[in-house]
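Please look over the sequence and the structure shown below before reading on. The briefing after them takes up a few local features, one topic at a time.

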Amino acid sequence: MITSTLGVRSAVTVTITASAVLAGGLFAGQAYAAPPTPSITAPGGFVMNNGTGTTLYGKAADTRRSTGSTTKIMTAKVVLSQRNLNLDAKVTVQKAYSDYIVAKNASSARLIVGDKVTVRQLLYGLMLPSGCDAAYALADKFGTGSTRAARIKSFIGKMNTEARNLGLRNTHFDSFDGISNGSNYSTPRDLTKLASSAMKNSTFRAVVKTKSTTQKVTTKSGGYRNMSWSNTNKLLSTYSGAIGVKTGSGPQAKYCLVFAATRGNKTVIGTVLGSSSETNRAADVKKLLDYGFAR
């Protein structure tokens with residue numbers, strides 16, 4: 001009887017242990033299973049871990065496409081790369097900048113001719129309301145040459161030099177703001193790498209994560225006026241941990257977004273190009289960020 005009882009106990013023990021192992025294996029498998037790869041409607045997308053540079057997702061990641069105002073990431077990067085940059089240096093708003101906005105029917109920071117605006121303020125005007133007038137002012141300020149046309153050409157040249165230095169082989173700029181003359185293009189992978197590099201600059205990070213700002217600028221008469229700008233990047237208000245980066249849109253570019261978010265010690269950064277609507281763009285970006293953080 002004693003032997004029989006021990007045998008029963010041993011059998012029960014073995015059964016329980018085996019069940020525990022099976023259950024543990026099942027639960028462990030569930031815990032470490034890779035999340036399903038998302039399906040996005042945008043024709044191009046790319047996501048990477050910003051800390052490691054590891055690719056997390058790609059869809060036509062190296063296909064060249066029009067970029068719209070995501071071009072302004074490079075505009076800002078070139079400005080912030082200038083030696084001995086004085087962010088508080090003042091730039092006088094020229095009539096040419098406002099004339100350009102009207103002629104191109106372009107997005108505007110609503111700069112007023114004669115006002116004196118600092119370089120820092122122009123960066124906010126560039127990246128929040130996506131001001132093409134602010135982009136023009138910065139290109140005119142930081143290009144070199146005796147004429148405005150020469151300075152603009154010089155600045156765009158600096159943008160392309162920076163692209164080459166970053167190894168962005170599928171990127172070319174023909175404008176300072178993304179209003180293309182036919183050869184302004186990049187790829188999801190290249191724009192993500194560009195943004196990752198730009199985000200190393202503290203001023204850039206501070207600007208692109210700002211939802212709205214009011215800046216006091218000096219008027220032509222020596223007085224002051226307040227300029228208020230809101231960020232076109234709605235991701236900052238709709239996705240927990242979002243920290244940037246830049247929207248873009250246009251007839252050729254459709255709807256684009258270079259995006260970044262941080263949760264815990266992980267930053268996910270990426271790009272979608274060519275979305276058919278703002279709604280689809282937002283849905284795609286949320287899918288990609290969720291996927292990036294789950295990886």
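Why is helix α5 (residues 132-142) largely enclosed by the rest of the structure? Helix α5 is largely enclosed because 10 of its 11 residues are buried, where buried means under 20% relative accessible area, exposed means over 50% and partly exposed lies in between, with a 1.4 Å probe and protein chains only. This is a predicted model, in which local features need pLDDT of at least 70 and side-chain atom pairs count only at pLDDT 80 or more, while totals for chains, interfaces and linings use all residues. Residues are numbered from 1 along each chain as its sequence is written, and side-chain values use heavy atoms, with hydrogens and water left out.

**Helix α5 and its surroundings**

- The buried residues of α5 are Cys132, Asp133, Ala134, Ala135, Tyr136, Ala137, Leu138, Ala139, Asp140 and Phe142; helices (H or I, at least four residues) and strands (E, at least two) are DSSP runs, numbered from the N terminus.
- These buried residues pack against α2 (72-80), β3 (90-92), α3 (95-104), α4 (119-127) and α6 (148-165), and contact here means heavy atoms within 4.5 Å.

**Aromatic rings**

- The structure holds five aromatic pairs, a term for rings of Phe, Tyr and Trp (its six-membered ring) whose centres lie within 6.5 Å, with planes under 30 degrees apart counted as stacked, over 60 as edge-to-face and the rest as tilted.
- One of them is the edge-to-face pair of Tyr100 and Tyr136, at 5.2 Å centre to centre and with 80° between the planes.
- That pair links distant parts of the chain, since Tyr100 lies in helix α3 and Tyr136 in helix α5, 36 residues apart.
- Tyr100 counts as buried at 15% relative accessibility, and Tyr136 is buried as well, with a relative accessible area of 13%.
- Tyr100 also pairs with Phe176, and this pair is tilted because the ring centres are 5.4 Å apart and the planes stand at 50°.
- Here too distant parts of the chain are linked, as Phe176 sits in the loop between α6 and α7 (188-198), 76 residues from Tyr100 in helix α3.
- Ring pairs join Tyr97, Tyr100, Tyr136 and Phe176 into a cluster.

**Backbone features**

- Most residues other than glycine have a negative phi, and most peptide bonds are trans.
- Asn84, which is not a glycine, has a positive phi of about 50°; Asn84 lies in the loop between α2 and β3 and counts as exposed at 79% relative accessibility.
- Arg110 has a positive phi near 60°; Arg110 is found in the loop between α3 and β4 (116-118) and counts as partly exposed at 47% relative accessibility.
- Gly244 and Val245 are joined by a cis peptide bond with omega of about 20°, and Val245 belongs to strand β7 (residues 242-250).

**Strands and side chains**

- Strand β5 (residues 212-218) and strand β6 (residues 224-230) pair in the antiparallel sense over seven bridges, where two strands pair if DSSP finds at least two bridges between them.
- Thr247, in strand β7, counts as buried at 8% relative accessibility.
- The side chain of Thr247 makes a polar contact with the side chain of Thr232 (2.6 Å), that is, a pair of N or O atoms within 3.5 Å, where within protein one must be able to donate a hydrogen and the other to accept it, and residues adjacent in sequence count only if both atoms are side-chain atoms.
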